[in-house]
Amino acid sequence: MRNVLMLLFLIRASTSSAQNSVELLGTYRHGGFVGEDITFAGVDSFYYVLWTCTSSNAGRGTCRVREGRLFLQFEYVPDSARLSSKAHLTRTGDLEGFAYVSISACDTSGEPIPFGTVREYGTRYGVQLDADGRSSIKVCPPATLVIGAIARDTVRCTITEAGIFTLQATLLRDQQAYGPITDGRVLEWVLGDVTREAFEVQYAEPWRRVRYFQKVQGRPAARNRK
């Protein structure tokens, strides 16, 4: 009986120790319209990518396991999140009385942003961007165009003269829609037991909900290895 009790004690101690030293090496994913990949590159660090069908935002952080729960803490905000949306207007020809504008919308990496909207400020007149983030509109100057897309900051461009124009718009992630990522703050933690196959995360921000991450890759990507 004594030997049995000693064996049970060792098993419990071993389990408790394992919970505090588990290594979740590999990539875990939460899918959906707004998805996330979390790649654990070591026992105390991770990489993450927050993505939608039109954009992505990446970074890194530190992690620790305590009492069977995994705490994740972001180290920095990517530089792209600190920029503002912008538009570049180029005149390529003459047109009497009207302005004919060809619009192209993309993110900071140059990827097109599909199915956004372009409207003339102060009116209901506007057009929709196609699957390649392109469209055209005809307005009577002076006029201000507002370009936007779901979960993106809008960008404005004022046209003061007639002519043929090309408008290149760079639309960044809407911080109000997705919420800011704060330096040096614990944003999320695991609920329940930490395993090598899956875990559930409870976020501190009200705009992010509990998400279930499942393992999709056995080892960290080569670009993430130290």
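A search of the whole structure turns up 4 salt bridges, a salt bridge being a side-chain nitrogen of Lys or Arg within 4 Å of a carboxyl oxygen of Asp or Glu. Before we visit them, a word on the model: this is a predicted model, in which local features need pLDDT of at least 70 and side-chain atom pairs count only at pLDDT 80 or more, while totals for chains, interfaces and linings use all residues. Residues are numbered from 1 along each chain as its sequence is written, and side-chain values use heavy atoms, with hydrogens and water left out.

## Charged pairs

Side chains of opposite charge can pair when their charged atoms come close. Three of these pairs are listed here.

| Salt bridge | N to O distance |
|---|---|
| Arg211 and Glu36 | 2.5 Å |
| Asp94 and Arg91 | 2.6 Å |
| Glu161 and Arg91 | 2.7 Å |

Let's start with Arg211 and Glu36, whose side chains meet in a salt bridge. This pair links distant parts of the chain, with Arg211 in strand S16 (residues 211-217) and Glu36 in strand S2 (residues 35-40), 175 residues apart. Strands here are DSSP runs (E, at least two residues), numbered from the N terminus. Are the two partners buried or exposed? Arg211 counts as buried at 12% relative accessibility, and Glu36 is buried too, with a relative accessible area of 1%. For these words, buried means under 20% relative accessible area, exposed over 50%, and partly exposed in between (1.4 Å probe, protein chains only).

Elsewhere, Arg91, Asp94 and Glu161 are linked in a network of salt bridges. Asp94 is exposed, with a relative accessible area of 63%, whereas Arg91 counts as partly exposed at 37%. Glu161 forms its salt bridge with Arg91. That pair also links distant parts of the chain: Glu161 sits in the loop between strand S12 (155-159) and strand S13 (163-170), Arg91 is in strand S6 (residues 86-93), and they are 70 residues apart. Glu161 counts as partly exposed, at 41% relative accessibility.

## Aromatic rings

The structure also holds 5 aromatic pairs. Rings of Phe, Tyr and Trp (its six-membered ring) pair if their centres lie within 6.5 Å; planes under 30 degrees apart count as stacked, over 60 as edge-to-face and the rest as tilted. Tyr28 and Phe199 form a tilted pair, 5.2 Å centre to centre with 55° between the planes. Tyr28 belongs to strand S1 (residues 26-30) and Phe199 to strand S15 (residues 198-203), 171 residues apart. Tyr28 is buried at 0% relative accessible area, and Phe199 counts as buried at 2%. The rings of Phe40 and Phe46 have their centres 6.3 Å apart and their planes at 50°, so this pair is tilted. Together, Tyr28, Phe40, Phe46, Phe199 and Phe213 form one aromatic cluster.

## Nonpolar cores

A nonpolar core is a set of buried Ala, Val, Leu, Ile, Met, Phe, Trp, Tyr and Cys residues joined through side-chain atoms within 4.5 Å. Which of the 20 residues in the largest nonpolar core touch the most other members? They are Val101, Ile103, Leu145 and Ile147. Strand S7 (99-106), strand S10 (134-139), strand S11 (143-148), S12 and S13 each supply at least two residues of this core, and the largest share, 4 residues, comes from S7. A second, separate core of 16 residues includes Leu24, Tyr28, Ile38 and Cys63.
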